Each structure stands twice: as C-alpha cells, then as structure tokens.
Amino acid sequence: QIVRSGDVSHDPRYTQTYPGLNSGLYVPMKSGMRVIGVVSIESEQPNAFSEADERLVTTLAAQAASALENARLFEETRQSVAELEILHNIAITQAGAADENSLIERLTVLIGESLYPDNFGFLLMSKDGDFLLPHSSYRGVTVEKISAKIPLQGSVAGRVVVSGMGKSVHVGGKIAATLSSTGTPAFFMHPAESSHGDLGMI
C-alpha cells in the first residue's frame with residue numbers, strides 16, 4: 001500500500017536511511033498483483049508531500065513498473081530464442097557426429113561458447129565405474145587444476161547425471177537425451193527436486 005508520512009521518525013515501519021529526514025512518500029511498483037519495487041521519495045521538511053504528489057508518484061510508479069516488466073519479458077524472449085537455437089544446433093551436432101568422442105568435443109564447444117564460456121565440460125565414467133574422468137575437451141579447467149580421478153564410491157556408476165536450473169533445464173534434458181542415444185546412460189535431475197526424492201535416482 002502507499003505510505004505518505006509527514007513525520008517518519010514516529011512511524012514504527014520506518015527504517016532510517018539518512019539522518020535528518022522527516023517526510024516520506026513510498027509508492028509500490030506493481031506488475032499485476034505482484035510488487036516488483038518501490039518508488040521512495042524523502043525530504044528533510046515536515047509534511048513535505050501532498051495528495052497531489054501522491055497521485056503523481058503513483059502514476060510514475062505504474063509507468064516504471066510497466067517499463068521494467070516489458071524489459072523483463074523482452075529479455076526472457078531473447079533468452080528463449082537463443083536457447084531454442086542451441087537446442088537446434090545440438091540436434092544437428094548429434095546427427096553429424098561420427099562417434100561419442102567427436103560428439104562430446106562438438107557439444108563442449110557449442111554449449112561452452114553459447115552458455116558457459118568460462119567453465120564447461122563433460123566428466124565420463126571410468127571403465128571400472130569407480131571414477132569420473134574429465135574429457136580432454138573440458139573448457140576452463142586444465143588437467144592440472146582438476147582431479148584426474150573423481151571417486152564415485154558406487155553412487156552413479158554407469159550413468160551420467162545432467163543438472164541445471166531455470167532456462168538451462170531444456171538444454172540439460174537435451175544433453176542427457178543425446179548422450180543416451182549414443183549409448184551412454186544419462187538422465188536429467190533438477191537440483192530443486194533432488195531433496196524431494198529425485199536424489200534417490202543417484
């Protein structure tokens with residue numbers, strides 16, 4: 001709700017942000033029923049804001065909220081288009097790869113350059129199923145900086161677990177499906193669902 005106070009020092013809801021302030025006008029920015037921010041105006045003068053100020057700031061807050069929501073929707077659309085393009089390129093890469101090693105190398109370049117330029121790669125199961133080994137195409141982490149053998153202790157032996165949140169869920173699911181189609185058992189697990197029983201798959 002809108003708060004207009006001529007003496008904020010006596011308002012129990014007020015948290016001092018700067019000494020000497022007396023008046024405050026606080027108008028929520030709403031997108032539908034959701035509050036996405038607050039327009040805050042303060043003054044050292046007591047009773048500095050009128051009903052006319054409140055109406056003006058309410059209009060400004062609504063316009064600002066609309067602009068921010070439009071910017072958010074535009075960014076989501078841009079990201080969705082980019083991810084669909086990545087999924088399409090993954091499908092093309094899968095069809096053109098001669099073997100598993102070639103597929104992993106191409107996927108590392110594609111996904112690494114598109115989504116995770118600093119650090120991305122695949123860890124593969126050792127033949128005995130006891131360790132994960134970084135593939136030679138791993139980006140951003142050299143063999144000297146990553147353990148040559150990551151012990152599994154029998155947890156996910158024989159399978160690859162792909163994980164991701166948000167927009168990367170679709171890409172992660174596609175990666176798991178691609179690996180499974182080439183003979184490497186793999187599945188996708190959402191980290192937020194792991195504590196609700198999905199962790200049992202591992």
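Author: A polar contact is a pair of N or O atoms within 3.5 Å, one able to donate a hydrogen and the other to accept it. The model here is predicted.

Reader: What makes the link between the side chains of His135 and Ser137 a polar contact?

Author: The distance. The two side chains are joined at 2.8 Å. The cut-off is 3.5 Å, so the pair qualifies.

Reader: Why is His135 called buried?

Author: Its relative accessibility is 8%. Buried means under 20%, so His135 counts as buried.

Reader: Where does His135 lie?

Author: In a loop. Strand S5 (131-134) is on one side and strand S6 (150-151) on the other.

Reader: What is His135 in contact with, leaving aside neighbours within four places in sequence?

Author: Asn101, Ile104, Glu105, Phe122 and Leu124. Contact here requires heavy atoms within 4.5 Å.

Reader: How do you know that the span of helix H1 is close to the expected one?

Author: Compare the two lengths. H1 covers residues 51-96, which is 46 residues. From first C-alpha to last it reaches 67 Å, and 68 Å is expected at 1.5 Å a residue.

Reader: Which residues of H1 are buried?

Author: Val57, Ala61, Ala65, Glu69, Glu83, Ile86, Leu87, Ile90 and Thr93. Each is under 20% relative accessible area, because that is what buried means.

Reader: What makes a set of residues a nonpolar core?

Author: Its members are buried, of the listed kinds such as Leu, Ile and Phe, and joined through side-chain atoms within 4.5 Å. The largest such core here has 18 residues. Ile90, Leu107, Ile111, Phe122, Ile175 and Leu179 have the most contacts inside it.

Reader: Which elements each supply at least two residues of this core?

Author: H1, helix H2 (100-114), strand S7 (160-163) and helix H3 (168-181). The largest share, 5 residues, comes from H2.

Reader: What does Ile175 contact beyond its neighbours within four places in sequence?

Author: Ile90, Ile111, Phe122 and Val162. There is also a second, separate core of 7 residues, with Leu25, Val27, Met29 and Ala65 among them.

Reader: How many helices and strands does the chain have?

Author: 3 helices and 8 strands. Along the sequence the pattern reads β-β-β-α-α-β-β-β-β-α-β.

Reader: What share of the 202 residues counts as buried?

Author: 30%.

Technical notes
Residues numbered from 1 in each chain as written. Predicted model: local features only at pLDDT ≥ 70, side-chain atom pairs only at ≥ 80, totals over all residues. Heavy atoms only, no water. Helix = DSSP H or I, 4+ residues; strand = E, 2+ residues; numbered from the N terminus. Buried < 20%, exposed > 50% of the residue type's maximum accessible area, 1.4 Å probe, protein only. Expected span 1.5 Å × (residues − 1).
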